[in-house]
Amino acid sequence: MYSVKVRLDGPGGMAMAESVLKSVYLSGLDFEPEERRMRILPDGTVELQAGKSPYMVHAKITVPLYGQLWVMADNLGEGYKGDFVDFVTEAIRTYIAWAKRFSEGLTLSVKTRGHLEAALELEHLANRGVDTPDNRLYALSHAMYAAEGALFERAQQEIRPRPDLHLGCNFMRYTSPTARYAKFFAKAFDFATLPFYPGRTVPERDRYDYGYVDRALSFLTEKGITPKGHPLFFGHKEVNPSWMFGLEYPELRRAAAAIAAHHVKRYKGVIDVWDAMNEAHDWANCFELNQEQLVDLTRATTDALREASDQAVSIVNVCLPFAEYVAGRYTCYGALPEHLRSPLGYFKAILEAGVDFDVIGLQLYFPGRDMVAVSSMLDAYKALGKPIHITEMGVNGGFRAKSNAGSTWSQLDMSEGTWHGGWNEHTQADWMEEFYTLAASRPEIQALTWWDFIEPSFSGNGAFLYEDENPREIYFRLLALKDSIRGTQTELPS
């Protein structure tokens, strides 16, 4: 271990707010966090204990004209080995370098080129001592816009028709085939996630209830929409029946395997895609299992799935892929004393243990990060060598009515942020278009599932439809984007 000092200058050259200073943490170049062991020095410099070299630096700051979000500094992709980082200065260098890298061989749009030139000029003025702290923050803003813009434009150029890419959403509030909910869903999606939470499907031991699933499946089958079951196991206390609590681990394992096998056998040949395990990386752990048991329980559900149907696709699903919670040493049930396992660390552990599964499932409730950081994070998961599904995602579409209140889960506290000046229907649709374009340009990503289709939504005003079934702008943007992704052309109504 050695000490690293990080300086964060805000407007006017003053140290940034204490809440910002307390957010700072270090990670490896694969975004694997170090536990945050820090102190704030009298001059506002943050001192952290580092165990990895090279390292990146992350801080949740307010970027002028952009938003409040996690920003990274990575030393032009090489990471840092020294004991001091001037964060804003280094973040500017980081995003300018990404902008130049993504723009190689491209003719940038006027907008993106303007951002890049602004970033370079403001960085130059700051380095010459002209309104240095303020110009550095504005240089960072333009550099982030430029890097994102170049990434998006490169993805647009590299994208090829992807008829294989599933476009989906959860399908958990179906009522009838004549409802606008159903009609709008069938027009937009070819992939639908159905609820198999044990609290709903196995309310009493050995008594199964598939009433909703069967009703929904009748509609999906008629429309030719591929169904997915979610999840075979999820260690969150609100989705599990009371009879499962208090079981000793061996009995809990047998019960989880039996439920998984029953679900998969019941729908073999009808539902052939399953989230076999959900968030078993020290995050949702209401049964207070240790890390070895979580790996073993993952094996139990994936093996049960495979034995029940050798043709079914087995997905292991995680949330918070940047793992900021590891830096802070807490989960959705509060702080824990031991070192926590990140989603990336969990996948490495189950791969090393020989757990048999097919697909990496990632949840992306963002943007607590910019698109460049998201793309870099996806590279870390791609390196594991398996296909990727984006299993859940959502961003805020702004308020139309007070009844559209979102979730207060701490999961969102980790990933929420503001993007491109603030949330409304336009920025929500912009984010979806940029991310879906980026994802479609990456062949390892095979499915994109939004969460939810109708309000109220988990991500807070993130659904395609308002509660009255009227669609947001994001819905129509997706219909138009489908043509680009599929390589088709839909005629506009006359």
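Guide: Let us begin with a single residue. At 1% relative accessibility, Leu 297 counts as buried, because buried means under 20% relative accessible area. Please bear in mind that this is a predicted model.

Visitor: Where in the fold is Leu 297 placed, and which residues does Leu 297 touch?

Guide: Leu 297 belongs to helix H9. Setting aside residues up to four places away in sequence, Leu 297 touches Phe 233, Tyr 249, Arg 253, Ala 256, Met 277 and Leu 289.

Visitor: Is Gly 354 buried, partly exposed or exposed?

Guide: Gly 354 is partly exposed, because its relative accessible area of 49% falls between the 20% and 50% cut-offs. Gly 354 is in the loop that links helix H11 (343–352) to strand S15 (359–364). The C-alpha atoms of Gly 354 and Tyr 55 are 29 Å apart, and the two residues are 299 apart along the chain.

Visitor: Let us turn to the backbone. Which peptide bonds are cis?

Guide: Two cases may be named here. The peptide bond from His 230 to Pro 231 is cis, with omega near -20 degrees. Pro 231 sits in the loop between strand S10 (226–230) and helix H8 (249–266). The peptide bond from Trp 451 to Asp 452 is also cis, with omega near 25 degrees. Asp 452 is in the loop between strand S17 (445–450) and helix H15 (473–486).

Visitor: Which residues have a positive phi although they are not glycines?

Guide: Phe 31 is one of them, with a phi of about 70 degrees. The loop between strand S2 (25–27) and strand S3 (38–40) holds Phe 31, and at 4% relative accessibility Phe 31 counts as buried. Asp 282 likewise has a positive phi of about 70 degrees. Asp 282 is placed in the loop between strand S11 (273–278) and helix H9 (291–308), and at 6% relative accessibility Asp 282 is buried too.

Visitor: How does one look for empty space inside a model?

Guide: Rolling a probe the size of a water molecule over the atoms shows where empty space is left. In this structure, a search of the whole finds 3 cavities of 30 Å³ or more.

Visitor: What is the volume of the largest cavity, and which residues line it?

Guide: The largest cavity has a volume of about 50 Å³. Its lining consists of Asp 30, Phe 31, Glu 32, Pro 33, Pro 321, Phe 322, Ala 323, Ser 342, Leu 344, Met 377 and Tyr 381. Sorted by class, that lining has 8 nonpolar, 1 polar and 2 charged residues.

Visitor: What lines the second largest cavity?

Guide: The second largest cavity, of about 40 Å³, is lined by Phe 233, Gly 235, Met 277, Asn 278, Ala 280, Ala 284, Asn 285, Cys 286, Phe 287, Leu 289 and Leu 294. Its lining has 8 nonpolar, 3 polar and no charged residues. Phe 233, Met 277 and Leu 289 are among these lining residues, and Leu 297 touches each of these three.

Visitor: Finally, how may the overall fold be summarised?

Guide: The protein has 15 helices and 17 strands. The radius of gyration is 23 Å, close to the 23 Å given by the globule rule for 494 residues, so the protein is as compact as a globular protein of that length. Along the principal axes, the C-alpha atoms fill a box of roughly 70 × 65 × 45 Å.

Key
Residues are numbered from 1 along each chain as its sequence is written. This is a predicted model: local features need pLDDT of at least 70, side-chain atom pairs count only at pLDDT 80 or more; totals for chains, interfaces and linings use all residues. Side-chain values use heavy atoms; hydrogens and water are left out. On a 1 Å grid over the protein atoms alone, a cavity is a set of points where a 1.4 Å probe fits but cannot get out, and a pocket is an open set with protein on both sides within 12 Å along at least five of seven lines; lining residues have an atom within 4 Å of a point. Grid points are joined across faces, edges and corners, and a volume is the space filled by probe spheres set on the points. Ala, Val, Leu, Ile, Met, Phe, Trp, Tyr, Cys and Pro count as nonpolar, Asp, Glu, Lys and Arg as charged, and the others, Gly among them, as polar. Helices (H or I, at least four residues) and strands (E, at least two) are DSSP runs, numbered from the N terminus. The radius of gyration is taken over C-alpha atoms; the globule rule is 2.2 Å times the number of residues to the power 0.38. Buried means under 20% relative accessible area, exposed over 50%, partly exposed in between (1.4 Å probe, protein chains only). Contact means heavy atoms within 4.5 Å.
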